[in-house]
Amino acid sequence: RANVITKSGKAVETAGDLDTILLDKTGTITIGNRKATNFYPANGVDEKDLIDLVVLSSLADETPEGKSIVELGNSKGAKKIADTSGMHFINFTAETRSSGVNLADGTKIRKGAFDAIGYLVTRGGGAVPKEIEEKVKTIAANGGTPLVVALNNEAKGVIELQDIVKPGIQERFERLRKMGVKTVMVTGDNPLTAKYIAEKAGV
């Protein structure tokens, strides 16, 4: 038998009669409210310009991640946006794996998963700089979630989000394994981040 458990730490405690448990990463294995911790501009991109781009791309993002991006950007001196009229905000979808804004002058700003933004950039005739690709790998290998920011058809930098493994979760999974229950993590995050979190959680 298999059971899917999402957002329920207590369910982990009472699942001893199962053979396999599938657990959602975000909110079950991790605390769930990923926070922006750093912005990394591509070579030749001014950090202040990147900060303004990431804040613009996240103004309408009501997720905890989106709000934390705006908060971090504002703490780093982002340009104040008093008027959003003429801006068309693009919501995140599972299909596009990106979100952002179209400005009144036709400028397009997008943020999202590396492969999704990479596709948009290359489709538009641009290329993703090598240093962005390397930064994405480094962030993911250290358990973070990287988001790439693009201005029109140019990748401009990377946002680092960090998620925290819930305290004591590794011990809970160890008890389940001793009872013969297999634990499996399910996530839409990139493979390097997933590998890091799985190792930290012991799942």
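**Walking through the model**

Analyst: V54 is buried, with a relative accessible area of 0%, where buried means under 20% relative accessible area, exposed means over 50% and partly exposed lies in between, using a 1.4 Å probe and protein chains only. Before going on, please note that this is a predicted model, in which local features need pLDDT of at least 70 and side-chain atom pairs count only at pLDDT 80 or more, while totals for chains, interfaces and linings use all residues. Residues are numbered from 1 along each chain as its sequence is written, and side-chain values use heavy atoms, with hydrogens and water left out.

User: Which helix is V54 in, and what does V54 touch?

Analyst: V54 belongs to helix α2, residues 47-58; helices here are DSSP runs of H or I with at least four residues, strands are runs of E with at least two, and both are numbered from the N terminus. Not counting residues up to four places away in sequence, V54 touches F39, I69, V149 and I159, a contact being heavy atoms within 4.5 Å.

User: Changing topic: which residues other than glycine have a positive phi?

Analyst: R97 has a phi near 50 degrees, and N152 has a phi near 55 degrees. As background, most residues other than glycine have a negative phi. R97 is found in the loop between β4 (88-90) and β5 (98-102) and counts as partly exposed at 29% relative accessibility.

User: What about N152, where is that and what does N152 contact?

Analyst: N152 is found in the loop between β7 (144-151) and β8 (154-162), and N152 is partly exposed, with a relative accessible area of 41%. Apart from neighbours within four places in sequence, N152 is in contact with G106, T107 and K108. For G106 in particular, the C-alpha atom is 9.0 Å from that of N152, with the two residues 46 apart along the chain.

User: How exposed is S75?

Analyst: S75, found in helix α3 (residues 64-75), is exposed, with a relative accessible area of 57%. S75 and G125 are 34 Å apart in space, C-alpha to C-alpha, and 50 residues apart in sequence.

User: How many aromatic pairs turn up, and what sits over the ring of Y40?

Analyst: A search of the whole structure finds zero aromatic pairs, where rings of Phe, Tyr and Trp (its six-membered ring) pair if their centres lie within 6.5 Å, planes under 30 degrees apart counting as stacked, over 60 as edge-to-face and the rest as tilted. The charged end of K135 sits over the ring of Y40, 4.1 Å from its centre, which requires NZ of Lys or CZ of Arg within 6 Å of the ring centre and within 35 degrees of the ring normal.

User: Last one: what does the chain come to overall?

Analyst: The secondary structure of the chain comes to seven helices and nine strands, and the C-alpha atoms fill a box of roughly 60 × 35 × 30 Å, taken along the principal axes. Buried residues make up 43% of the 203 residues in the chain. Of the contacts between residues at least 6 apart in sequence, 60% join residues at least 24 apart.
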